[in-house]
Every structure is written in structure tokens, then in C-alpha cells.
Amino acid sequence: MKKFYFITTALLFSVFGSAQERKGDPTLTEMWTPVPAIIQPGKTSQGAPADAIVLFSGKDFSAWNGKDGKPVAWTIEDGAMTVKGGSGEITSKQAFGDCQLHIEWRTPSLVKGEGQGRGNSGIFLMGQYELQVLDGFNNKTYSNGQAGSIYKQLIPLVNASKGPGEWQTYDVIFTAPRFSADGKLQSQARITVLHNGVLIQNNQAIWGGTEYIGIPEYKPHAVKEPITLQDHGDAVSFRNIWIREL
Ligand code: MG
């Protein structure tokens with residue numbers, strides 16, 4: 001009997017409640033501004049949206065500087081750039097803060113070396129925070145150094161690596177760290193990464209600048225900083241790099 005009473009009451013409340021809602025003004029909860037800008041997706045031949053800055057379309061290094069500001073010594077072939085080991089990292093001419101980055105990469109099909117010595121490169125957001133590029137296929141290494149890690153910090157959720165010689169994608173959403181005027185850290189950088197379409201970093205806080213040895217820490221830097229691609233000696237290739245400022 002008690003149960004029946006509760007069910008009846010709940011039913012009456014739900015009917016009465018929805019009738020009340022119908023009597024209210026639905027326009028009170030509508031927001032008409034701001035109107036999101038219209039962006040044509042897949043606008044360029046590379047599939048970049050119309051508001052993206054294309055950093056590499058396969059033709060030239062016009063968006064990049066080589067080591068110490070010199071011309072880039074890496075090679076371009078078949079629409080891809082490839083690290084020339086020993087020639088040094090390359091750095092985007094333009095600086096970026098909060099951004100969405102799309103980048104495609106490929107480790108050499110000829111497998112040699114192991115661990116960190118196999119298909120190693122990296123994408124240094126703001127020149128400081130390395131999203132690791134590595135042959136992650138049957139290649140044992142420390143988890144916070146494998147492909148898709150934030151090097152020596154954040155372990156990827158899963159290993160979504162394709163094999164050596166295959167093109168892979170990273171889609172990155174990056175929030176830059178914030179520093180106060182006196183250089184104190186106000187908020188950590190945050191990163192979300194999809195590797196070959198699979199979520200591997202889910203809005204993770206980055207601990208500080210990438211360090212090979214020791215504990216990472218934040219050092220104050222500009223609101224926008226260039227992106228660096230690492231020369232780790234391996235002939236890793238990149239193509240179709242585009243970025244949207246957020
Ligand atoms: Mg690396």
C-alpha cells in the first residue's frame with residue numbers, strides 16, 4: 001500500500017512538473033550571442049579547416065627555422081619532411097599559446113635500435129613540453145617515455161601505435177601555462193592528445209618543462225612560444241602539420 005502511494009505521488013509530481021515547465025517561457029534559457037564563427041572544415045587539400053595555419057603542406061620549410069635560426073637542413077620528399085640526424089631541431093617561425101595541432105608522423109620502416117633509440121623524435125609545444133614521438137610497436141621502453149607520453153611525465157592511457165613505416169596522427173589540444181607578472185606559475189599547461197584517433201592524454205596537467213634528468217619544473221616564458229620538432233638522430237618523417245589558435 002505504502003509503495004503504491006509513493007508511485008502515485010511520484011507519477012503526479014512528474015505530470016504536474018512537466019505541465020509547469022510547459023507553462024514557463026522556454027526563451028529564458030536560450031542564448032543567442034555570441035554566434036560561433038563559421039569555419040569550413042576540411043577546406044585545404046590537406047584537410048585543414050579554413051581557419052588553420054598550415055605549418056607544413058609538403059612543399060617547403062617556409063614556416064620553419066633550422067638550428068640557431070639557420071635554414072632547415074632536413075629533407076623533403078613525397079610531401080613529407082624527414083629529420084636529417086645531427087642537423088638539429090627545427091622551430092616554427094610563428095609562436096603559439098593555446099592551440100589545436102594536427103601533425104602526422106612516421107618512424108623509419110627499417111627498424112634498428114631499441115627503446116628510446118628507435119624512431120625517436122618529439123613535438124615540443126612552446127619549445128618546452130615534449131609530446132614524445134617514438135616507434136611504439138613492439139619496442140619496450142619506460143612508459144612515460146613511450147610514444148604519446150609527455151616525456152618523463154605523463155603515461156599515455158593506451159598504446160595506439162601503428163607499425164614502423166606507417167603514417168600516424170596526433171591531434172592535440174593544448175592549453176598554455178599561465179604565469180603572473182612576477183613569473184609565478186598561476187596554472188599548469190594542459191594537454192589532450194588523440195593518437196590515430198584514440199584518446200591517449202585526457203586534459204592532463206603537465207608538470208613543467210621536459211627534462212631528461214631530474215624533476216620537471218616551470219620556468220616563466222612568453223604567452224606564445226614556437227613549436228620545436230626534435231632531431232634525436234633518427235630519420236622520422238612529418239607531414240600535414242596545421243594548427244588553430246584558440
Ligand atoms: Mg623524443
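User: What makes β7 and β14 a pair of strands?

Analyst: Two strands pair if DSSP finds at least two bridges between them. Strand β7 (residues 121–125) and strand β14 (residues 225–229) are joined by two bridges and run antiparallel, so they meet that rule. Phe124, for instance, stands opposite Thr228 in β14. The strands themselves are DSSP runs (E, at least two residues), numbered from the N terminus. Before we go on: this is a predicted model, in which local features need pLDDT of at least 70 and side-chain atom pairs count only at pLDDT 80 or more, while totals for chains, interfaces and linings use all residues. Residues are numbered from 1 along each chain as its sequence is written, and side-chain values use heavy atoms, with hydrogens and water left out.

User: Which strands form the open sheet, and why do β2 and β8 stand at the edges?

Analyst: The order is β2-β5-β14-β7-β8, with antiparallel pairing. β2 (64–65) and β8 each have a single partner strand, so one side of each is left without a neighbour in the sheet. β2 is joined to strand β5 (residues 90–96) by two bridges, and Asn65 has Thr91 in β5 as its bridge partner. Between β5 and β14 there are four bridges; here Ala95 stands opposite Pro226 in β14.

User: How do you know which atoms coordinate the magnesium ion?

Analyst: Donors are N, O and S atoms within 2.8 Å of the metal (3.2 Å for Na, K and Ca); water is not among the atoms, so sites may look incomplete. Asn120 (OD1), Ser121 (O), Glu130 (OE), Gln132 (OE1) and Gln230 (OE1) coordinate the magnesium ion at 2.2 to 2.3 Å, so they qualify as donors. Asn120 lies in the loop between β6 (99–106) and β7 and Gln132 in strand β8, so the pair ties together parts that are 12 residues apart in sequence.

User: What does the side chain of Gln201 reach?

Analyst: Gln201, found in strand β13 (residues 198–205), has a side chain that reaches the backbone oxygen of Gly148 at 2.9 Å and that of Leu154 at 3.2 Å.

Technical notes: Polar contact = N/O pair within 3.5 Å; in protein donor to acceptor, adjacent residues only side chain to side chain.
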